[in-house]
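Welcome! Here is a friendly briefing to read alongside the structure, grouped by topic.

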Amino acid sequence: QVQLVESGGGLVPAGGSLRLSCAASGRTFSSYAMGWFRQAPGKEREFVAAVTWSGGSKSYTDSVKGRFIISRDNAKNTVYLQMNSLKPEDTAVYYCAQHATSRGIMGLTRATAYQYWGQGTQVTVSS
């Protein structure tokens, strides 16, 4: 059974930084693309960032480009999201997700491409 466990959320002032971690278990981590999504109150879940199974390609939503960095450590079965220059509009529950297909690269920005999800971690940015 695949498990994804996020950590690292919290309360931070605008302009601050946080690093989210997502520890995975249950299948060969290095074979699957990983993504981060977020959901703010009253809004739909949205794509934030993704990294391919090899780590060779990364994608970001426009609103976080230049501020967030996704990375993975396949030796530790962990994916990270470094969030810098945080803004109040980044406030949301952040979820990590694992792609449905081994070595798959299709639909990395779409929630439907991901098979497993973590429980989420709250990020609150105060103004």
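Cys22 and Cys96 are joined in a disulfide, with 1.9 Å between their sulfur atoms. Please keep in mind that this is a predicted model.

**The disulfide**
- The structure has one disulfide, and it connects distant parts of the chain, since Cys22 sits in strand S3 and Cys96 in strand S9 (residues 92-99), 74 residues apart.
- The link of Cys22 and Cys96 is right-handed, with 45° about the S-S bond.
- Are the two cysteines buried or exposed? Cys22 has a relative accessible area of 0%, so Cys22 is buried. Cys96 is buried too, because its relative accessible area is 0%.

**A loop residue, Ser31**
- Ser31 lies in the loop between strand S3 (18-25) and strand S4 (34-39).
- The relative accessibility of Ser31 is 14%, so Ser31 counts as buried; the cut-off for buried is under 20%.
- Which residues does Ser31 touch, leaving aside those up to four places away in sequence? They are Trp53, Thr101, Ser102 and Arg103.

**The largest pocket**
- Rolling a probe the size of a water molecule over the atoms shows where empty space is left.
- The largest pocket holds about 170 Å³ of space.
- This pocket is lined by 13 residues, and the closest to its centre are Arg38, Ala40, Lys43, Glu46 and Glu89.
- By type, the lining of the largest pocket has eight charged residues, three polar and two nonpolar.

Technical notes
Residues are numbered from 1 along each chain as its sequence is written. This is a predicted model: local features need pLDDT of at least 70, side-chain atom pairs count only at pLDDT 80 or more; totals for chains, interfaces and linings use all residues. Side-chain values use heavy atoms; hydrogens and water are left out. Helices (H or I, at least four residues) and strands (E, at least two) are DSSP runs, numbered from the N terminus. Buried means under 20% relative accessible area, exposed over 50%, partly exposed in between (1.4 Å probe, protein chains only). Contact means heavy atoms within 4.5 Å. A disulfide is a pair of cysteine sulfur atoms within 2.5 Å. On a 1 Å grid over the protein atoms alone, a cavity is a set of points where a 1.4 Å probe fits but cannot get out, and a pocket is an open set with protein on both sides within 12 Å along at least five of seven lines; lining residues have an atom within 4 Å of a point. Grid points are joined across faces, edges and corners, and a volume is the space filled by probe spheres set on the points. Ala, Val, Leu, Ile, Met, Phe, Trp, Tyr, Cys and Pro count as nonpolar, Asp, Glu, Lys and Arg as charged, and the others, Gly among them, as polar.
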